[in-house]
Amino acid sequence: MIIGAGAIGGTVGAVLARAGIPAVLVARGEHAQALASDGLTLRTPDGTLRIAVAAASRPDDVELTSRDVLVFATKTQQLDTALQDWVDRPVCDDGRPAGTAGERLPVMTALNGVVAEEKSLRYFRRVFGICVWMPAVHLKPGEVIVRSWPLAGQFHIARWPASARTPEDATLLARLAETWSDAGIRVSLPKDVAPWKYNKLLSNLGNAVGALTAEAAGDLVTAVRAEGQEVLRRAGIEFVSFADSTAARANGPTVRPVPGWDGGPSNSTWQSLSRSTGDAETDFLNGEIVRIAHRHRGTAPRNAALARAVRMALRDGGSPGGYSAAQLAELLGISAPSL
């Protein structure tokens, strides 16, 4: 069950369905209607695919069994509602009650940031964190653009927390890694996914920069990430180095042009501003660095300024690229000559 069929969830569901692996995509509104009536249009560097998918718009549309796995791929700000919608759903085997989803089913959290797993543990017994590397974009109902093909993404997955891992988990993960990797999502199984997720958190700190300015601003991204790394070090939080994550990506997705897609940063924050969703993940990315800094009696002014700027853009109905690089540098307290 892929709950949240946007850029990540839609790609995962389409790749699995194309490989003959049973999957249901759970979406909302026009997107759900398009999936149910026409399937999912997957635009790739090698052409456009129309993939028939099983689709649902709410938990009542599906019947759960103990063989199911729930993959949450919403935005972080939407996760609480989704968890509450699914936790008490009945699980039945051979028509007989077998408990609830929270008691019986494993949950995978394919979200950015580092809070989804702890949120999920409030409701579900078996939680598996996923560090997601997947260059995908969702802007139109019924359509997802994935910029790497035939390898669509690379996931690191482990039980959360790592100390809770059981032999049953090892069996599930080994099977999942084999089937998903064959389908086009390369899966690695570290003992602990938390350091990988904190690495991805640091990487995602630049999303707000890419959403707020269309100009080259590499120095700003570097400065924001450096602040994030310093906050994590002071807090004693372990994270995979960028050197190690870059090496791990060497056999991962390779971004190539997609015919008819004119590019853009395409990160989650940029997509939220482009689609005028009214919310974004920034408070769980840059804002998470701010939270950790505050918890340890420190500050993270550059990440705080970025989170605030995105909130203002969302409130004002702004579109991506509302700042020049120089304006954004001034906002972050970085001298323009460094650009």
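Trainee: By class, how many nonpolar, polar and charged residues are in the lining of the second largest pocket?

Mentor: Keeping in mind that this is a predicted model, the lining of that second largest pocket divides into 13 nonpolar, four polar and eight charged residues.

Trainee: And how much space lies in the second largest pocket?

Mentor: The second largest pocket holds about 780 Å³ of space, and among the 25 residues that line it, R67, D68, V69, L172 and R175 are the closest to its centre.

Trainee: Which helix gives the largest share of the lining?

Mentor: That is α6, with seven residues of the lining of the second largest pocket; α6 (167-183) and α4 (101-104) each supply at least two residues there.

Trainee: Switching topic, at what angle do α7 and α9 pack?

Mentor: Helix α7, residues 194-204, packs against helix α9, residues 218-235, at an angle of about 150 degrees, and their axes are 8 Å apart, with α7 passing α9 in a right-handed crossing.

Trainee: Which residues meet there?

Mentor: From α7 come Y198, L202 and S203, which meet R225, G228, Q229 and L232 of α9, and the residues of this contact comprise three nonpolar, three polar and one charged.

Trainee: What does the UniProt annotation say about residues 2-148?

Mentor: An unreviewed UniProt entry annotates residues 2-148 as "domain: Ketopantoate reductase N-terminal".

Trainee: How far apart are the end C-alpha atoms of that span, and what percentage of it is helix or strand?

Mentor: The end C-alpha atoms of residues 2-148 lie 20 Å apart, and the span is 27% helix and 31% strand.

Note on methods. Residues numbered from 1 in each chain as written. Predicted model: local features only at pLDDT ≥ 70, side-chain atom pairs only at ≥ 80, totals over all residues. Heavy atoms only, no water. Axes fitted to C-alpha atoms, helices over the stretch in contact; angles between N-to-C directions. Helix = DSSP H or I, 4+ residues; strand = E, 2+ residues; numbered from the N terminus. Left-handed = near helix turned anticlockwise from the far one by under 90°. Contact = heavy atoms within 4.5 Å. Nonpolar A, V, L, I, M, F, W, Y, C, P; charged D, E, K, R; others polar. 1 Å grid on protein atoms, 1.4 Å probe; cavity = no way out; pocket = protein on both sides within 12 Å on 5 of 7 lines; lining within 4 Å. Points joined across faces, edges and corners; volume = space filled by probe spheres on them. UniProt positions renumbered as here; feature names shortened; annotations may be inferred.
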